[in-house]
Amino acid sequence: MGKILFTSESVTEGHPDKICDQISDAILDAMLAQDPMSRVACETAVTTDLVLVMGEITSNATVDIEAIVRDTICKIGYDDAAKGFDGKTCQVKIALDKQSSDIAMGVDKALEAKLTDSEIESEGAGDQGMMFGYATNETDDDYMPYPIYLAHKLSRQLSKVRKDGTLSYLRPDGKSQVTVEYDENGNPLRLDAVVVSSQHSEDVSWEQIQKDIRKYVVDAVLPAELIDKDTKFYINPTGRFVIGGPNGDSGLTGRKIIVDTYGGSCPHGGGAFSGKDPTKVDRSAAYAARHAAKNIVGAGLAKKIQVQLSYAIGVSHPVSIAIDTFGTASVDEQIILDALYTLFDFTPAGIIERFSLTKPTFKYQELTNYGHFGRPDLDLPFEKLDMVDKLIEFCHRG
C-alpha cells in the first residue's frame, strides 16, 4: 500500500481560539461553583484590543465576568501591551441573555417523563446532534491516536519552556503539527514531518529560534527512535512570528474542536465543548462516548473503536448508538453494542451524575488546553477504566 501518513495539530493556550475557550470555561466554572443548576452557553470572541463575551446564561450565581476575562488573559501570559495584548487594559464587552424558555422546557423535564406522567424530573438533552468517542491502543496509557498525542506534547513543551524561562523570548501563541507514517497494520513506523511555530519577541533571530526550539522542544519530547534522516522539520517556517494572539488573528470559542478531541482520527459531530454546561450533550455525551470507547479497548474487545451517540432535543435517551471497530474486534460487534445499551447510562442526567459534572471539584477550564481526552495529568472520571471487568463479563458470557 506504500506510505500511510496521518497528521494532527495542536495549539498552545495563547492561540486566539484557545484564549476564547479558556474564558468561556472559566465563566462556566464560576457559575457552577455558586449554582450547580446553572445553564450556560457562553461564547467568546477576541480581536485586537477587544474581548466580546456573548451567549445565554440562566443562573442564580453572581459572577464578575469582566474580572474573570481579565484574570484569564493575564494568566495565559498576555499581561503587557508589548506582547501584543494586555488583559489589564483591553476592552471587554459583555452581551449575555437568559436561556430560551422553549429550550429550557425540554431540558428541565424529558419527553419520556412527560409521556408517562412521571414525577421524576429526568433531564432531556439540551439539543439534537451526534457525538463521537474514540479510543485506540496506539498509546499504552492514554488510548489516543499517536499524531495528536505527540502534537499535544510539543505544544505543552512550548508553553513549559516559555513559562519556566528556558526560552524567555517566546510568547503565548503557538502551534504544532505531527505527521506519522504507519505500516499496513496501523502501527506507527516513523515521524515523517514535524511543524512547530511560536510567537516570539522582536529581538531574537530566526536562526536562534530554530536552534532552541529544536533542542528544548522537539528533541526534548519526541521519540528519537521514530526520527530518521528523512524526517522533515519546519520550525517557524515563515521566518517571523512577532505579531500573534488576538493582535495577529481573531479568535472564537469552539473553533478548535478537532484539537480538543482526536486530531481528525474520527469524525466530529460539529458541536463545541467550551462554555457549555453538561446538559448540553455536545459536551457531556462526547465525554460519555469516550469513556465507553476507552473501556472497550481497555477490556481487549477491540484494538480501536469509534462510538457514536445521537440525541433529540428534550429526549433523555439516545436516539441511536453505533460503533465501528475497523475490523479489530475480538468479539462480534453486536455483542459490544448490546453491552453499551445494557451497561451504560447515556441519558444527560446519568452522565452528569456518573462523572460529577456539576460539582465544583470538576474544573472545565483545566480541559481547554492540550485536549479533553487522554489526560494523565488530570484525574478525569470519564478517562477511568472502571467498566472493563463488567464489559469482559458481559461480552464473554456463555
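The largest nonpolar core of this predicted model has 79 residues. Those with the most contacts inside this core are I27, V51, I73, Y287, Y311, L340 and F346. Helix 9, residues 281-298, gives the most to this core: ten residues. Another core lies apart from it, with 24 residues, including L154, V161, L170 and L226.

V51 deserves a look of its own. Leaving out residues up to four places away in sequence, V51 touches I23, T44, A45, V46, V69, I73, F85, C90, Q91, V92 and K93. One of these, I73, is also among the residues with the most contacts inside the largest core.

| Pocket | Volume | Lining by class |
|---|---|---|
| Largest | about 470 Å³ | eight nonpolar, seven polar and five charged residues |

The space in the largest pocket is about 470 Å³. It is lined by 20 residues, and E138, Y182, N185, G186 and K304 are the closest to its centre. Strand 1 (4-11) and strand 7 (129-136) each supply at least two residues of this lining. Strand 1 gives the most, with three residues.

Helix 2 provides the largest share, five residues.

Conventions. Residues are numbered from 1 along each chain as its sequence is written. This is a predicted model: local features need pLDDT of at least 70, side-chain atom pairs count only at pLDDT 80 or more; totals for chains, interfaces and linings use all residues. Side-chain values use heavy atoms; hydrogens and water are left out. A nonpolar core is a set of buried Ala, Val, Leu, Ile, Met, Phe, Trp, Tyr and Cys residues joined through side-chain atoms within 4.5 Å. Buried means under 20% relative accessible area, exposed over 50%, partly exposed in between (1.4 Å probe, protein chains only). Helices (H or I, at least four residues) and strands (E, at least two) are DSSP runs, numbered from the N terminus. Contact means heavy atoms within 4.5 Å. On a 1 Å grid over the protein atoms alone, a cavity is a set of points where a 1.4 Å probe fits but cannot get out, and a pocket is an open set with protein on both sides within 12 Å along at least five of seven lines; lining residues have an atom within 4 Å of a point. Grid points are joined across faces, edges and corners, and a volume is the space filled by probe spheres set on the points. Ala, Val, Leu, Ile, Met, Phe, Trp, Tyr, Cys and Pro count as nonpolar, Asp, Glu, Lys and Arg as charged, and the others, Gly among them, as polar.
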